[in-house]
Amino acid sequence: MNRYPPGAYTKGVGDPVPRWRRNPRRGYDAEGRETIPATIANSIANGAYAIRATCDCGHEAEVPIDQFPPEMFVPDCGLRMVCRRCGLKGPRTVPAWRRVSDRP
C-alpha cells in the first residue's frame, strides 16, 4: 500500500545516473534521475522554522533557518556546518517543522 498518491512527487530530471556516481545529498527516482531537493525559501513557505543537523556521532542541533540564502538547497546546508561535539564536517540536514500545536 502506497502512502502517497500517484504524482505526489515530481519525476527526476536529466539522464539516469549510475549508482556509483550518485551524490549522497540528493534523491533519485526509480529510473536513476536526480530529483530536485527543497530550497530554504520553499521550506519557510511550508512552515519550517529551523534546519535540523544530525552528525554521525549522534549529536543533533537546530540552526536558525534565516542565516541561509533562500535559493540554497536544504541538504547543502550541512556543507557549511561543523559538529560542535566531534568536529566532523557536513552533517545531514533536514527542515525542522513546527508542531501542529505550535501553529497559530
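1. Ile40 touches Ile51, Ile65, Phe68, Pro69, Pro70, Met72, Val74 and Cys77, leaving out residues up to four places away in sequence; a contact here means heavy atoms within 4.5 Å. The model is predicted: local features need pLDDT of at least 70 and side-chain atom pairs pLDDT 80 or more, while totals for chains, interfaces and linings use all residues. Residues are numbered from 1 along each chain as its sequence is written, and side-chain values use heavy atoms, without hydrogens and water.

2. Ile40 also belongs to the largest nonpolar core, which has 11 residues, among them Ala48, Val63 and Met81. Strand β3 (residues 48-54) supplies the largest share of this core, three residues. Such a core is a set of buried Ala, Val, Leu, Ile, Met, Phe, Trp, Tyr and Cys residues joined through side-chain atoms within 4.5 Å. Buried means under 20% relative accessible area, exposed over 50%, and partly exposed in between (1.4 Å probe, protein chains only).

3. Helices (H or I, at least four residues) and strands (E, at least two) are DSSP runs, numbered from the N terminus. Of the 104 residues in the protein chain, 27% are buried.

4. Arg52 lies in strand β3 and is partly exposed, with a relative accessible area of 25%. Arg52 is in contact with residues including Ala61, Arg92 and Val94. The C-alpha atoms of Arg52 and Pro95 are separated by 5.9 Å, although the two are 43 residues apart along the chain.
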